[in-house]
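Here is a short briefing to read beside the sequence and the structure. Topics are grouped so that each can be checked in the viewer.

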Amino acid sequence: MLTARGLWCLIVAGTVTLIGLTTAGVEHPIVAILGITLIVWYLVERLLFTLRFRSTLGKIDVVREILQNGRVVSNAWSGIACTIRVTVTNRGKASWPLAIVMDRPPEARKIRGGRTEQTVEFRPNEPTVIEYELKSSGPGIYRFEGVEIRLADLAGFFYKRIFLRRPVDVLILPPLTDSEGKQRADKRFNVLPPPGIHRLRRPGSGSELLDLRDYIPGDPPKMIAWKASAKKDKLITKELESDIPVRCTLFLDTSQAMRLGPVGETPLCRLSEVASSIAQAAAANRDLVGLTLFDEAKFDVLPAARNTVHTIRLLSKLAEASAQRPDPGGQQVKPMVRIAYPLAQELYPDLFDRSVNSQPWGLFWKPLLDTRWGWIAWIPVLFSLIVNAPGVLGIYYMLLGPLPKWLQSIMPIFFEWINFCARIVRQRPKSNYLLLDIPLFLFAMFLLLNLPITITVLVWFIHGIRGFFSPHAPIRRKRKQLGAIFALLDGGTPATVERYIHDDEFFAARAGRFLADHHVEVPVALYDGDGRYRFRSESKAEVLQRALLGAVSRARDNELFVILADLTELGDDIAAVLKAVRVARSRHHHVMVIVPWPSDVPVAEPGQAASIDPMEMLRVAKLVQVALVRGYRQRYEKLQKELVRVGATVLRVTDRDPIRAILDRLDRVRGARSRR
Amino acid sequence: MTNPNSYQLYLKVLLDERVRGYVMVAGCALISVFVIQLSTGSLIAGGIPMLIGIVAMMLRWTAMPGFFVVAVAYLTVNPFGVPMSRYSGGPSRLLSSSFSPFDMLLVAAVLVYLHAQFRVYSLAQQAFPDERVKAARSKRDSLDRRPPRLISDNELLMMILFAIGTTIVGQFIWLLITQLEFDSKVFPPIRLRRFTLDRMQPDFFSAAVSRSLLFALGLSGTVGLARFVFWYWQIRQWNREEAKLLLLDMGWQESRREFSRIETWRAARIVEQRKPGETWRRIKKTGGRIFTVLFFGFVGITVLMIIFAYLIIR
């Protein structure tokens with residue numbers, strides 16, 4: 001609460017008062033009066049500050065609104081700027097002469113306009129309005145933690161920061177149809193198939209003629225094509241097209257590898273946008289759209305439907321999926337503390353108060369005896385006890401009489417030991433003063449007899465006291481404070497707090513979750529301790545297989561399955577997916593695979609040789625890059641070949657591909673399929 | 001690009017029409033101090049505080065107001081800058097020390113100057129402390145100031161009235177502690193001071209100690225009471241999370257020692273299970289090295305001592 005400025009003023013006032021009251025007071029009362037007046041000033045200022053603070057605390061209202069195109073909305077849209085308006089009102093009775101009201105903007109989001117903070121006089125019932133603009137390039141979530149209010153007095157003696165926690169997650173929905181947020185106005189070619197041709201031609205009970213075939217006994221007579229029958233001189237039956245709309249199921253890969261990258265620019269965000277566009281294009285064609293999100297462990301199905309509520313739900317699911325961040329994994333404690341501690345201090349300043357989150361001295365002491373090898377310390381203690389035993393036995397003899405026989409037999413050994421020590425001590429220099437020599441003799445004897453225990457105590461002390469110094473003390477203090485807050489948030493027990501202090505992995509994992517909950521970026525470890533790439537998840541192929549087979553089993557008509565996944569990195573582990581695609585194709589479903597293309601891998605047509613300066617090839621980094629690019633392209637070509645072989649269509653999506661181009665390509669593929 | 005904390009910016013704020021009032025009031029207070037101190041007959045007594053005040057205002061040295069108070073106090077006692085004994089009326093001076101017009105004016109002027117100076121610092125330099133860690137700070141980061149637009153019309157007047165009020169309260173307190181004295185022979189041990197010329201025998205408490213004790217007692221009583229009231233108010237205002245954390249923390253404090261032992265063993269066990277021999281490696285790597293050296297050093301020294309002693313005896 002007290003600032004450095006206030007502290008120095010208090011020290012000066014205190015010193016002047018003390019001098020005035022004691023030494024200079026008699027002859028120069030003005031010194032004491034000056035000091036007393038300064039202390040009175042300080043006390044009154046502090047009293048006013050505390051009164052204002054206490055009477056305002058808990059009486060501050062925060063209202064947050066998201067505006068898009070001047071209208072209040074509940075969700076934002078990616079690619080369109082939205083205005084955040086926060087109204088903070090002091091409902092207390094006290095007025096604050098100086099306050100900074102700041103809305104905490106979402107992590108890793110750039111402010112496009114306006115200001116997130118206002119310096120105001122915080123008067124009762126006078127709202128303070130903060131407005132700023134945000135724009136997200138991709139779908140995800142805006143995480144608003146709350147409003148920070150910093151209070152100070154006019155002289156700058158006192159300061160207090162409070163944080164009004166009002167966490168709100170605002171979904172950033174994928175853009176409507178194209179990346180510019182506009183409905184597709186132009187028509188590159190017929191989105192709807194020409195009259196009489198259905199996109200997925202199969203016999204049904206529609207009104208359009210599909211085909212003519214030989215009559216099979218049991219066919220209804222009304223379906224006989226009489227003219228054709230007359231021409232062929234045999235019964236021919238008409239087959240009509242099915243007019244049931246196509247169901248399109250999107251499979252979106254949300255695995256860890258897809259979440260890598262800057263916020264709003266991950267492959268997952270890109271594919272979410274594509275999925276959103278496909279869903280909206282399909283809905284525009286009166287098709288039903290479903291969504292299946294899958295990762296390395298599980299899949300989540302949103303059944304196909306066609307109404308507006310369903311579309312919004314689908315977009316929301318895409319936004320939530322896009323907001324997921326990769327598991328930082330294998331983090332060390334220190335880097336996590338370095339990121340998590342300031343964040344926790346910012347968001348939970350009230351929970352860092354020593355009255356509720358204490359730091360006793362004992363927290364820093366490093367107990368030697370608790371360590372695995374601490375028992376060694378008992379050996380010198382035991383040794384000292386043994387060498388001091390004759391003294392104890394002597395007291396026993398004096399008080400209780402003769403010793404037991406077995407003790408009597410070993411007593412000469414002890415006497416020999418004491419005699420031995422005494423002979424050593426006698427070698428010490430002598431002062432010839434009896435009064436000095438006797439205490440010196442006793443002290444030397446004591447030291448010799450108790451040397452081991454003295455050294456042990458010294459070692460125990462040095463071991464323990466080290467905990468009070470850097471780097472042990474600061475990290476332990478922070479771990480305790482953070483651990484208590486984590487335990488509070490999770491409903492933990494005191495044992496959990498202690499575990500956070502001692503168990504590095506447990507702490508690092510929880511700190512990682514804490515940061516992820518607050519959408520804070522953590523440096524992600526790409527490789528594990530053994531140097532393996534952490535994000536190669538072959539298990540997602542099996543999950544996708546299960547999801548795809550499940551969709552096939554639920555399908556009633558020919559359906560369109562669009563798989564938006566990074567399958568390139570799976571390499572030879574694609575077998576499960578191929579099997580599922582083969583099953584889908586055998587049931588006459590259409591399967592389309594859309595693969596995200598990394599931005600750092602140049603797009604090249606198959607067979608196109610890369611022209612690289614031979615001199616550059618001498619650089620190891622360039623060589624590695626070329627090898628990686630070539631490897632990636634080869635894997636993609638192999639994947640494409642294998643998927644095409646089982647009847648799926650493969651598309652790749654680069655960061656630069658506009659959504660419209662993808663849709664056109666998609667439509668072309670669908671059209672081609674339907675016009676087979 | 002202009003440095004947001006540059007001196008030009010500071011001067012620009014000083015010349016702002018709203019801030020100018022504070023600067024002028026601070027200047028007037030400094031002149032008042034100068035004139036009052038000049039009445040002691042020393043130019044140094046008046047000049048040095050004024051010089052410090054001007055430096056504080058112009059060069060934005062935030063430690064200067066503290067030095068200003070110390071200088072005023074010191075030069076009041078020693079107007080020529082060097083300690084010399086002066087007769088100022090003896091104990092009878094105390095009787096008339098409260099509500100002396102010169103003293104009141106001096107104290108009020110000092111207080112007004114301090115008020116104005118610190119408010120100018122808030123307006124032109126920094127109003128809120130920077131809470132960021134040092135590594136995250138940069139000289140180019142703009143410090144949080146109080147915008148001059150927030151200065152209300154009656155703020156200056158209120159400040160002066162507040163300073164005068166504080167001065168009067170200070171005088172009352174001085175009057176109180178000079179008129180009362182500590183006396184261990186009576187109960188309660190406070191009584192009215194008697195100023196008589198025949199009091200040759202010193203009391204158990206000297207006047208200075210008595211004044212100090214009275215002031216300390218009053219101050220600690222007031223502060224203690226205020227702290228108690230605000231402590232209770234704070235507890236009443238605790239939110240659910242704070243109360244839960246308090247209970248959790250108390251539980252932790254009670255059982256910390258046991259849990260610590262369990263967790264130390266658990267951590268060692270986990271490490272040992274994953275990588276056998278890791279505990280020993282960690283012990284060697286961290287503090288265990290010191291322990292090992294000391295332990296084996298002790299064993300070695302003891303053995304050497306015994307051998308040496310044995311050789312001497314032989």
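**Overview of chain B**

In chain B, 38% of the 314 residues are buried. The model is a predicted one. Chain B contains 11 helices and two strands. Its accessible surface is about 18,700 Å², and carbon and sulfur atoms hold 69% of that area.

**Chain B: order and contacts**

- Along the sequence, the elements of chain B run α-α-α-α-α-α-α-β-β-α-α-α-α.
- Among contacts in chain B with a separation of 6 or more, 65% join residues 24 or more positions apart.

**An open sheet in chain A**

- Chain A has an open sheet of five strands, ordered β3-β10-β9-β5-β7, with mixed pairing.
- Its edge strands are β3 (76–77) and β7 (117–122) of chain A, and each of them pairs on one side only.
- In general, strands of a sheet pair through backbone hydrogen bonds, in either a parallel or an antiparallel sense.
- β3(A) pairs with β10 (residues 159–173) of chain A in the parallel sense, over two bridges.
- Opposite Ala76(A) stands Ile172(A), a residue of β10(A).

- Ser78(A) sits in the loop between β3 and β4 (82–90) of chain A.
- Ser78(A) counts as buried because its relative accessible area is 2%, and the cut-off for buried is under 20%.
- Beyond its neighbours within four places in sequence, Ser78(A) is in contact with Ser136(A), Ser137(A), Gly138(A) and Pro139(A), among others.
- The contacts of Ser78(A) also include Ile172(A), Leu173(A), Pro174(A), Pro175(A) and Glu273(A).

**Nonpolar cores**

- The largest nonpolar core has 89 residues.
- The residues with the most contacts inside this core are Phe122(A), Ile149(A), Phe68(B), Val69(B) and Leu114(B).
- Helix α6 (residues 101–124) of chain B gives the core its largest share, 14 residues.
- Leaving aside neighbours within four places in sequence, Ile149(A) is in contact with residues including Ile60(A), Val88(A), Ala99(A), Ile100(A) and Val101(A).
- Phe122(A), Lys160(A), Arg161(A), Ile162(A) and Leu164(A) are also among the contacts of Ile149(A).
- A second, separate core has 37 residues, including Tyr341(A), Phe364(A), Val497(A) and Trp252(B).

Conventions. Residues are numbered from 1 along each chain as its sequence is written. Chains are lettered from A and ligands numbered from 1 in the order in which they are written. This is a predicted model: local features need pLDDT of at least 70, side-chain atom pairs count only at pLDDT 80 or more; totals for chains, interfaces and linings use all residues. Side-chain values use heavy atoms; hydrogens and water are left out. Two strands pair if DSSP finds at least two bridges between them. Helices (H or I, at least four residues) and strands (E, at least two) are DSSP runs, numbered from the N terminus. Buried means under 20% relative accessible area, exposed over 50%, partly exposed in between (1.4 Å probe, protein chains only). Contact means heavy atoms within 4.5 Å. Accessible areas come from the Shrake-Rupley method with a 1.4 Å probe; for residues, only the protein chains shown count as cover. A nonpolar core is a set of buried Ala, Val, Leu, Ile, Met, Phe, Trp, Tyr and Cys residues joined through side-chain atoms within 4.5 Å.
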